[in-house]
Amino acid sequence: MRHARMSNGLEIITETMPSMRSCALGFFVRCGARHETPERAGVSHFLEHMVFKGTPTRTAQDVNRELDAMGISFNACTTEESTTYYASLLPEYLEPCLDVFTDILRPSLREADFRSEKEVVLEEIGMYEDTPPFCVDEKIRSAFFPNQPLGNSVLGNRESVSSLTVEQMKQYFHERYTWSNMVLCVCGCFDEKQLFDRRWPGRLEPVPKVVPMAKPLQTWTPEIHCMTHPLATQQYVLQCSRAPAAYSEERFAARLLASILGDDPGSRMYWELVDSGRAECASMGYIEYSDAGIFVVNLSCEPEEWEKNWQSVERLFQNVESGDITEKELSLAKNRLATATVLGNECPSGRLFGAGYEWLHHQKHFSVAEEVERFRAVTLDDLAELLKKYPPSQGLIYSVGP
């Protein structure tokens with residue numbers, strides 16, 4: 001792995017994989033929902049759309065035509081903390097691909113494009129509003145991080161997107177899309193020297209201000225917050241509880257605990273509720289942010305069965321908190337995660353996100369072997385300590401159904 005900061009402030013990290021015959025690149029921008037004010041909610045995701053609408057030197061059609069001509073698979077995504085523009089390609093097209101990407105990261109943001117794309121974003125918001133699990137997910141995250149940027153919706157809402165102006169977007173773009181606020185990650189087979197010797201556009205720019213540290217809800221009432229949705233046919237239950245942040249070494253134990261309780265298949269929830277036919281979905285995941293983390297439990301089943309099923313979930317929580325995880329169970333979870341880690345990182349496009357997000361969050365790099373070793377090193381005592389600090393039974397619960 002190699003790291004350097006260019007003269008314009010852009011950080012570049014690389015991981016060469018000589019046995020591969022392709023490479024992948026991604027520009028990771030520290031620009032997500034948590035960087036938005038209420039009146040600009042959804043602007044990061046909206047801006048992701050606008051980046052592909054053309055530049056002073058390329059139309060939107062030019063961008064697609066050039067990338068398609070090279071056979072490049074490309075896309076973008078926005079999260080609470082970042083926006084990523086990524087591509088998978090053959091090594092000989094790395095330089096022209098970078099030409100296109102560095103150009104679109106300086107979009108024109110034309111008024112006409114802004115107006116037409118706003119309708120696309122509003123339609124996307126409407127589509128998710130018609131999805132019951134999405135609605136309850138938005139509610140619980142907002143409640144779990146009350147009046148804090150990390151509780152913001154990635155899509156925003158109809159009111160904020162409808163009232164957003166192109167001038168507000170341009171101001172936000174100039175605040176967040178500085179080269180010094182980006183990380184370029186390249187993985188696979190490519191000419192590393194050519195990449196670092198490349199002439200990069202722009203000048204050194206200041207890094208934007210850091211947003212306030214997230215503070216998850218510390219206490220909550222034990223009752224389940226119930227909602228109804230006219231399109232719901234099943235009952236959906238979602239629980240959030242506190243978990244380690246991305247910078248913490250405890251995150252490896254957290255992923256193992258989530259695997260033991262809620263992997264699909266192989267977990268306690270799977271055998272208790274899914275394999276038995278009692279629920280369509282019963283899972284637990286671990287989500288890490290730069291300064292906070294959450295365990296998220298999802299349950300979906302027939303409306304008349306959800307209360308009984310949720311009691312089973314609570315019983316599983318009580319069992320692990322009382323210390324009934326066995327060495328064999330931990331070993332099986334380690335094997336699952338070790339296999340998933342290796343398989344997920346065997347190709348350049350898979351390795352790209354692990355390496356990119358790792359650096360974006362806390363300027364560290366772990367090889368695949370080092371990451372697997374950290375899972376292998378977790379003990380039952382580590383899990384017991386984690387459960388004392390982050391008991392999954394102590395969570396905020398929302399439910400939506402017909």
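## The six-stranded sheet

An open sheet is built from six strands in the order β1-β2-β6-β3-β5-β4, with mixed pairing; two strands pair if DSSP finds at least two bridges between them, and strands (E, at least two residues) and helices (H or I, at least four residues) are DSSP runs numbered from the N terminus. The edges are held by β1 (2–5) and β4 (73–78), each of which has a single partner strand, so one side of each is left without a neighbour in the sheet. On average, neighbouring strands of this sheet are turned by 15° against each other, direction ignored, where axes are lines fitted to C-alpha atoms, for helices over the stretch in contact, and angles run from 0 to 180 degrees between N-to-C directions.

The model is predicted, and local features need pLDDT of at least 70, side-chain atom pairs count only at pLDDT 80 or more, and totals for chains, interfaces and linings use all residues. Residues are numbered from 1 along each chain as its sequence is written, and side-chain values use heavy atoms, with hydrogens and water left out.

## Pairing and helices on this sheet

Six bridges pair β4 with strand β5 (residues 83–89) in the antiparallel sense, and N75 stands opposite Y86 in β5. Helix α3 (residues 94–104) packs on the sheet, touching β3 (23–29), β4, β5 and β6 (182–188), and its direction makes about 20° with that of β3; contact here means heavy atoms within 4.5 Å. Helix α13 lies across β1, β2 (11–16), β3, β4, β5 and β6, and runs at about 30° to β3.

## The five-stranded sheet

Five strands form an open sheet of mixed pairing in the order β7-β11-β8-β10-β9. Its edge strands are β7 (225–228) and β9, each pairing on one side only, and the twist averages 15° from one strand to the next.

Strands β8 (residues 235–243) and β10 (residues 293–301) run antiparallel and are joined by nine bridges, with I294 in β10 as the bridge partner of R242. Helix α11 (residues 306–321) lies across β7, β8, β9, β10 and β11 (396–401), running at about 145° to β10.

## The largest pocket

The largest pocket holds about 700 Å³ of space. Of the 28 residues that line this pocket, the closest to its centre are E288, F353, G354, Y357 and H361. A pocket is an open set of points, on a 1 Å grid over the protein atoms alone, where a 1.4 Å probe fits, with protein on both sides within 12 Å along at least five of seven lines, and lining residues have an atom within 4 Å of a point; points are joined across faces, edges and corners, and a volume is the space filled by probe spheres set on them.

The largest share of the lining, eight residues, comes from α13.
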